[in-house]
Amino acid sequence: MTFLDAPSRTALFEPPDAYEEALARYALSVEDVAFARTHRRSHNRLGFAIQLALVRDLGRPLRAGEVPPEAIVSVVADQLGIDAAVFTLYAQREETRREHAREIVAALDLQPVRRSDYRTLITAAAREAVATEQGATITKAVIETLKGRKLLVPVPELLIRLAMAGRAAARRQAYRELIRGLEQPSIEALDQLLAERTGDRSHLGWIAEAPEGAKLKNLKGLIARLDVLRVAAIAETMAYRASGLNLVVNAIILWNTVYLSRAVDYVRGQGIVIPDELLSQVAPLPWVHIALTGDYLWNEIDRPLERFRPIRANRFNPNNFKFP
């Protein structure tokens with residue numbers, strides 16, 4: 001699985017093509033309009049305003065030779081009262097584009113990213129990666145840190161490397177926490193999982209490939225892996241932590257059961273017929289959508305919140321509900 005898939009990369013680093021999204025993200029303030037109007041000729045005012053809006057949205061000006069989507073040109077032109085067609089004149093003058101970019105960067109007091117900033121950005125990524133493995137979310141945290149520190153967003157390749165370094169740092173910290181408090185015999189037993197092999201894989205590799213699908217055979221596979229880990233003679237304090245997983249599993253099953261029911265009610269409310277015999281085959285066991293890292297607080301478990309999270313109706317697609 002790639003750290004950042006193509007749609008996420010486009011959403012984070014490229015301006016939107018859709019008019020509605022451009023309208024929401026590229027609204028100019030009164031000050032922005034006044035700033036753009038200090039420049040001569042309509043095509044220069046339009047091009048300057050587009051670059052200014054781009055810096056505020058994506059943290060960068062136009063790249064060399066880049067032509068923004070028609071939706072953005074149209075939205076910005078309407079706010080300035082300028083014909084969008086004049087942007088073609090602006091696109092022909094690369095030197096003017098560079099001058100405007102330097103002017104915007106100076107006016108907003110922005111600075112390029114330096115090596116001395118890397119540690120701060122990696123730390124921001126690691127902090128986000130404690131709660132999620134999703135590359136898009138981690139990368140967005142780095143972008144927000146850049147904007148907060150008035151730093152220009154660098155090329156995507158560098159930004160992704162910094163985000164991945166933060167995720168790796170968060171994983172290392174998680175690994176250290178996993179063995180914290182273990183006695184030496186237990187650590188040595190765990191080391192043996194690297195040395196002992198089953199076929200072409202170490203025992204650790206086999207454990208790491210634990211199945212996640214909601215099937216009975218996968219649950220049996222998880223139990224087999226737990227049996228191998230128990231041989232490591234984990235100390236009593238660690239056993240308490242492991243026993244907490246039972247509560248976590250039950251919480252996941254409860255969460256999935258409640259929200260599966262609410263999701264089914266919503267879909268049926270849209271006129272979709274879902275046969276009951278199909279629902280009987282759905283198991284509330286998947287956990288890939290749940291971040292398992294973090295602290296689990298059970299002190300308020302006897303006082304459940306009397307509210308639900310909203311159903312993500314924007315993801316509803318009736319074409320996904322075609323049954324044989």
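Is Phe87 buried or exposed? Phe87 counts as buried, at 5% relative accessibility. Buried means under 20% relative accessible area, exposed over 50%, and partly exposed in between, with a 1.4 Å probe and protein chains only. The model is predicted: local features need pLDDT of at least 70, side-chain atom pairs count only at pLDDT 80 or more, and totals for chains, interfaces and linings use all residues. Residues are numbered from 1 along each chain as its sequence is written, and side-chain values use heavy atoms, with hydrogens and water left out.

Stay with Phe87. Tyr90 is its partner in a tilted aromatic pair, 5.7 Å centre to centre with 40 degrees between the planes. Rings of Phe, Tyr and Trp (its six-membered ring) pair if their centres lie within 6.5 Å; planes under 30 degrees apart are stacked, over 60 edge-to-face, and the rest tilted. Both residues sit in helix α6, 3 residues apart, about one turn of the helix. Helices are DSSP runs (H or I, at least four residues), numbered from the N terminus. Tyr90 is buried too, with a relative accessible area of 1%. The whole structure holds 5 aromatic pairs. Elsewhere, Tyr266, Phe316 and Phe321 make one aromatic cluster.

Phe87 also belongs to the largest nonpolar core, which has 31 residues. Such a core is a set of buried Ala, Val, Leu, Ile, Met, Phe, Trp, Tyr and Cys residues joined through side-chain atoms within 4.5 Å. Phe87 is among the residues with the most contacts inside this core, as are Tyr26, Leu28, Leu46, Ile50, Val76 and Leu80. Helices α3 (30–36), α4 (42–58), α5 (70–80), α6 (87–91) and α7 (94–107) each supply at least two core residues. The largest share, 9 residues, comes from α4. Beyond its neighbours within four places in sequence, Leu80 is in contact (heavy atoms within 4.5 Å) with Leu28, Val33, Ala36, Arg37, Arg45, Leu46 and Ala49.

Now take the loop between α4 and α5, where Glu66 lies. Glu66 is buried, at 12% relative accessible area. Its side chain makes a polar contact of 2.9 Å with that of Arg60. A polar contact is a pair of N or O atoms within 3.5 Å; within protein, one must be able to donate a hydrogen and the other to accept it, and residues adjacent in sequence count only if both atoms are side-chain atoms. Leaving aside neighbours within four places in sequence, Glu66 is in contact with Glu14, Pro15, Arg60, Pro61 and Arg97.
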